[in-house]
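Trainee: I would like to learn how to read a helix and its surroundings. Could we go through one together?

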Amino acid sequence: MYEKETAFIEEIQNTYTQTGLSGIDLNTQFPLILKSYEKLLKQIKKITKVGDANQRKLLQAYNQIDEQKLKLDIAYKKLDQLARIDPLTGLSNRRDFLEKVTNEKNRFERDNKSFAFILSDIDNFKSFNDTYGHDCGDFVLQKVAEVFSNTIRKQDALGRWGGEEFILLIPGSDPDTAMKIGEKLRVAVTSNTYHFGDLALNITMTFGVSLYEGKSSIDQCIKAADEALYSGKQQGKNRVILYDDRMENDG
């Protein structure tokens, strides 16, 4: 890389180590050496200047790559979030909810603390759509999601299970605690009047509760909550029912 510089230095060394050179010879050689040095110096400056410019361009390119990577990371996080959220209610969708359930199941395997599911369904939801239109049905779903979100505890996980069904994960829970939370939600929903345009709507819901204690799978436990919910519908709706093994036999 520095062949010219090395050769130039060797030329100077040879000039000064040569024997028999007179002062006149040195005076002749020195301007030539100086001229060569000036030429070489200009070349070095030019190369350095080009190198600095290329380095700045390279640094700029790296910065642009970092900016694009950051934008891609942000975009990916937004897409991932959208893939986990129910667009109508803003709650966790089934995929996101089940991931939270998996985390809670892993915690159970470490700490052996049971947790509960509360599966709920809006009573007579079809009548809202059939009588007042699907916009009204969407309004009802959004209001229920809002009431639930404002009522549950911070550690609880809430999701839209599908249609007019909502599901709740209650960490570290026993049957009494889960039933109390279900009743609190039921009262919170039924104690309000919801205004859709000129309409004043009343909403009731039925809740099914099951407990996960490691004796059955997650799917079986959610199915048990659904069995309890169905039993509540049969008993007249607008109530909270705890799953019992006899329900499966009755079904």
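Trainee: Which strands and which helix are included in what covers the buried residues of H3?

Mentor: Good place to start! This is a predicted model, where local features need pLDDT of at least 70, side-chain atom pairs count only at pLDDT 80 or more, and totals for chains, interfaces and linings use all residues. Residues are numbered from 1 along each chain as its sequence is written, and side-chain values use heavy atoms, leaving out hydrogens and water. Helices (H or I, at least four residues) and strands (E, at least two) are DSSP runs, numbered from the N terminus. The cover of H3 includes strands S1 (115-122), S2 (157-162), S3 (165-170) and S6 (205-212), plus helix H7 (218-234).

Trainee: Which residues of H3 are buried?

Mentor: Buried means under 20% relative accessible area, and exposed over 50%, with partly exposed in between (1.4 Å probe, protein chains only). In H3, the buried ones are Asp96, Phe97, Val101, Glu104 and Phe108. Seen down the axis of H3, they fall within an arc of 140° (taken from the directions from the helix axis to the C-beta atoms), so they line one face of the helix. On the face turned away from that buried side sit the exposed residues Glu109 and Arg110.

Trainee: What caps the N-terminal end of H3?

Mentor: Asn93 does: one of its side-chain oxygens lies 3.3 Å from the backbone nitrogen of Arg95.

Trainee: And which residue follows H3?

Mentor: That is Asn112, with a positive phi near 60°.

Conventions:
Contact = heavy atoms within 4.5 Å. Polar contact = N/O pair within 3.5 Å; in protein donor to acceptor, adjacent residues only side chain to side chain.
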